[in-house]
Structure formats: C-alpha cells, structure tokens
Amino acid sequence: MSSTQEKSWRAGRFWWDCSQPDNSAHPLRAVIFDLDALSDLDVDGHRVVFNAAFAAHGLPINWGVTRYQQLLALHDERQRVAAELRKRCVGPECDVLTELLADEICMTKDLMFDEMILDAGLAPRPGLEDLVNDAFLAGLPVGVVANGRRRWAEPLVRQLVGDGLVETVVTTDDVSAPGAELYRQALAELGVAGHDALAMAGSAAGLRAANAAGLAGVLIDPDAGTSSAAIAVRPDFAGADALRLPVCRRLHSQWWAQRSPTAA
C-alpha cells in the first residue's frame, strides 16, 4: 500500500466504518467509472495529440481549451477537424481538400495517440483516489470502461488509479460495439446487476450508455449544467460534500427508491 493510500485508509477508518452494509432494496455492489470520469481525457489528452497531428501536417493550428470545448458539441473527431479546416479554408476547392485532409489528420492523430497519451501527464480528477480507496477498503469492486483500445487504456487506468484497485477494465477490444455494451460487459465481469451498480460517467454520452445498460449514474463534468438522467452532476469527486462511498450509497439508494413501484 502506498503512503497516500495508507493516509486515506487511516482517514477513512477514523471517519466512518467502510464496511457498513447497505440495506436498501438495491444495495450498491459495484462502482463503474468510464475513463473520461477518471481524468479530463478530452482536453488534456485528445486535444494535445490533435495539436501534434496538426503540426505533423505542417498546419498552423493549435487548439486551445476554449476552442476545443466548443468543438466538442460536434458528434465526432472527424467533424471537429473538418469544421476547423473549413473555418480556415478559402476557395472553391475548399470542401474537397477539407474532406481529404480531415481523414489524413485523424489517421495521424490515431497513430500518435498510443505513443503520446501515457506521457501526456494526465492527472486524476480531484477526490478520485479517496473514492477508489473507499470502495477497495469496503470490498466493493471497481470497474472501468474505456471507449478505446486496451493497449493504452489499461496502462492509463493504472497510471491514474494505481495497481490492484480496479478489478476489471473493459475496452472496445472486448465488445462488438461501444456504448452500453461496455457497461454490460463490465457488469458481467463484476457479477452484479445493473441496478446494483453505480456509474461514474465523464460525459453526457457516457451517461446515456450507462443508463441504457440499466445503471444509475453520476455525471462528472465541470462544464455540465443539470441533467435529469443523472443522480447528480459534479465537477469532480472532491468539494465540501465530497463524493465518498457513503454519499454514493445514499444517492444510489434514493435514486432507486424514487423509481420503486411503491414510491409515492
């Protein structure tokens, strides 16, 4: 156990009994994070690699945080690149060149991503370590789903969370389709039903995927407003009312109690 984990263990033991049982109708038996909930993978990861891909193609494009967050409103990476190229392109040949160049840039970015992401210095979101340690000490299994390849997702999870604290990592290599299938596979590997697990989603798309797999979810997004599909919307796991395990259990229990057939 690392010194940080030992400190968290001591704090947890004196603060509350981690093994306190959950006697609700749908007890919390597992927590499943999506990779975007562990760290700001879009802004601090994908954005950085895209800037390197632009430079590799000799393009004077460098996405800042604000511009990249604006582009996240578009559905996928290729649309974001094409929108940026169109904004800067002039002439009747623009559309043809844009489509071809957008494909080339995305291919370059994909090739560079595996090599760069582990050295990008991604940081875990505030409070993440405390929550994962809470679950570990309480014997509550933790899973991670990643909309990416195992070759970089699994070592990145270890980098952000540590060794031995996550029971399973499910990636796009493990399922026939991303989205809800990632969560369903994680549930199967953890041996729990959807209503007995809590998802920590790092995006609205991740939350929709968790909901489609039958999980209640917390949306971890500093730029999100409110969401009727989420138990709660939080900027991270820290704060005055930190997202520790007792809070997760309470939120999970309240969510399902409100949806019980006997609820008023």
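Okay, thanks everyone. Keep in mind throughout that we're looking at a predicted model.

Let me start with the empty space. Rolling a probe the size of a water molecule over the atoms shows where such space is left. The largest pocket comes out at about 1,400 Å³. There are 48 residues lining that pocket, and the ones closest to its centre are Asp36, Asp42, Arg80, Asn147 and Ser203. So which elements give two or more residues to this lining? They're all helices in the list: α2 (35–38), α3 (41–56), α5 (77–88), α6 (94–116), α8 (150–161), α9 (180–190) and α10 (204–212). If you sort the pocket lining by class, you get 20 nonpolar, 11 polar and 17 charged residues.

We count 1 cavity of 30 Å³ or more, and the volume of the largest cavity is about 50 Å³. Its lining is made by Pro124, Leu128, Glu129, Val132, Asn133, Leu160, Val161 and Leu165. Helices α7 (128–137) and α8 each put in at least two residues, with α7 giving the most, at 4 residues. By class, the cavity lining has 6 nonpolar, 1 polar and 1 charged residues.

You'll find Leu165 in the loop between α8 and β3 (168–170). Is Leu165 buried or exposed? Its relative accessibility is 8%, so Leu165 counts as buried; the cut-off for that is under 20%.

Next up, strand β1, residues 30–34. Here 5 of the 5 residues are buried, so the strand is largely enclosed by the rest of the structure. In a regular strand the side chains alternate between the two faces of the sheet. On β1 both faces are covered, with Ala30, Ile32 and Asp34 buried on one side and Val31 and Phe33 buried on the other.

And what does β1 pair with? There's β4, residues 197–201, which runs parallel to β1 and is joined to it by 4 bridges; Ala30, for instance, has Ala197 as its bridge partner there. Then there's β2, residues 142–145, also parallel to β1 and also joined by 4 bridges. In β2, Phe33 has Val144 as its bridge partner.

Phe33 takes us to the aromatics. The structure holds 6 aromatic pairs. Phe33 and Phe237 have ring centres 5.8 Å apart and planes at 65 degrees, so we call that pair edge-to-face. Phe33 is in β1, while Phe237 is in the loop between β6 (232–234) and α11 (245–258), so the pair ties together parts that are 204 residues apart in sequence. Phe33 and Phe237 are both buried.

Then take Phe113 and Trp152. Their ring centres are 4.8 Å apart and their planes are at 75 degrees, so this pair is edge-to-face too. The pair links distant parts of the chain, from Phe113 in α6 to Trp152 in α8, 39 residues apart. Again, Phe113 and Trp152 are both buried.

Two last items before I stop. Phe50, Phe54, Trp63 and Tyr68 form one aromatic cluster. And Arg259 lies over the face of Trp255, 3.4 Å from the ring centre.

That's my tour, thanks.

Definitions and conventions
Residues numbered from 1 in each chain as written. Predicted model: local features only at pLDDT ≥ 70, side-chain atom pairs only at ≥ 80, totals over all residues. Heavy atoms only, no water. 1 Å grid on protein atoms, 1.4 Å probe; cavity = no way out; pocket = protein on both sides within 12 Å on 5 of 7 lines; lining within 4 Å. Points joined across faces, edges and corners; volume = space filled by probe spheres on them. Nonpolar A, V, L, I, M, F, W, Y, C, P; charged D, E, K, R; others polar. Buried < 20%, exposed > 50% of the residue type's maximum accessible area, 1.4 Å probe, protein only. Pairing = 2+ DSSP bridges. Phe/Tyr/Trp six-rings, centres within 6.5 Å; stacked < 30°, edge-to-face > 60°. Lys NZ or Arg CZ within 6 Å of the ring centre and 35° of its normal.
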